[in-house]
Amino acid sequence: MLCGGLVLLVIGVVAYSPSELDPGHWSARSILGLVYLITFGSLLGYSAYVWLLANAPIAKVSTYAYVNPVIAIALGILVLDESLTVRIVVGALLILAAVAIVLQRESALQTGEVVGANRDPR
């Protein structure tokens with residue numbers, strides 16, 4: 001993540017002159033949003049992901065990418081008072097259903113409940 005950030009910093013300096021950067025135009029909300037993303041989105045989120053990789057089955061860990069947008073929707077509604085549409089609800093329910101299927105399948109494979117025609121676990 002640090003290397004990616006440094007690469008993007010170099011690209012930003014090449015694309016835009018540092019003299020164009022005017023911190024006086026930054027709002028407190030923007031700065032707090034950046035601090036929040038650095039703290040929770042990067043440091044805590046990535047640390048939790050690495051911990052999960054070491055301590056949970058990979059099928060369960062892989063579902064984080066699907067659950068994150070649903071959490072973002074919920075936070076947007078709760079924190080930013082964003083609107084909730086039928087389309088968003090249907091999409092979120094589809095995501096949660098798919099994650100539930102993956103988790104159920106992983107659980108069934110671990111307990112040996114899922115078997116193929118030749119009695120081998122699938």
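Author: One term to begin with. Buried means under 20% relative accessible area, exposed means over 50%, and partly exposed is in between, using a 1.4 Å probe and protein chains only.

Reader: And what kind of model is this?
Author: This is a predicted model, where local features need pLDDT of at least 70, side-chain atom pairs count only at pLDDT 80 or more, and totals for chains, interfaces and linings use all residues. Residues are numbered from 1 along each chain as its sequence is written, and side-chain values use heavy atoms, with hydrogens and water left out.

Reader: Okay. How many helices and strands are there in the protein?
Author: There are 5 helices and 0 strands. Along the sequence the pattern reads α-α-α-α-α. Both elements are DSSP runs, numbered from the N terminus: helices are H or I with at least four residues, strands are E with at least two.

Reader: What share of the residues is buried?
Author: Of the 122 residues, 9% are buried. The accessible surface comes to about 9800 Å², and carbon and sulfur atoms hold 70% of that. Such areas come from the Shrake-Rupley method with a 1.4 Å probe; for residues, only the protein chains shown count as cover.

Reader: Let's pick a residue. Is Thr-63 buried or exposed?
Author: Thr-63 is buried, with a relative accessible area of 9%. It sits in the loop between helix H3 (58-61) and H4.

Reader: What is Thr-63 in contact with?
Author: Val-99, Val-102 and Leu-103, leaving aside neighbours within four places in sequence. Contact means heavy atoms within 4.5 Å.

Reader: And H4 itself, how many residues has it?
Author: Helix H4 has 17 residues, 64-80. From first C-alpha to last it reaches 23 Å, close to the 24 Å expected at 1.5 Å a residue. The expected span is 1.5 Å times one less than the number of residues. Just after H4, Asp-81 takes a positive phi of about 55°.

Reader: New topic. How many aromatic pairs are there?
Author: The count is 2. Rings of Phe, Tyr and Trp (its six-membered ring) pair if their centres lie within 6.5 Å; planes under 30 degrees apart are stacked, over 60 edge-to-face, and the rest tilted.

Reader: Why is the pair of Tyr-36 and Phe-40 tilted?
Author: Their planes are at 40°, so the pair is tilted. The ring centres are 5.1 Å apart. Both residues lie in helix H2 (residues 28-55), 4 residues apart, or about one helical turn. Tyr-36 is partly exposed at 42% relative accessible area, and Phe-40 is partly exposed at 45%.

Reader: And which residues form the other pair?
Author: Tyr-46 and Tyr-49. That pair is tilted, with 6.4 Å centre to centre and 40° between the planes. They are 3 residues apart in H2, about one helical turn. Tyr-46 is partly exposed, with a relative accessible area of 45%. Tyr-49 is partly exposed at 24%.

Reader: Last one. Which residues form the nonpolar patch on the surface?
Author: Tyr-36, Leu-37, Phe-40, Leu-44, Ile-71, Leu-75, Leu-78, Val-79 and Leu-80, with about 930 Å² of accessible area together. Patches take residues with over 30% relative accessible area and no salt bridge; like charges are joined within 9 Å, nonpolar side chains (Val, Leu, Ile, Met, Phe, Trp, Tyr) within 5 Å. A salt bridge is a side-chain nitrogen of Lys or Arg within 4 Å of a carboxyl oxygen of Asp or Glu.

Reader: Which helix gives the most to it?
Author: H4, with 5 residues. H2 and H4 each supply at least two. Leu-44 lies in H2 and is partly exposed at 49% relative accessibility.
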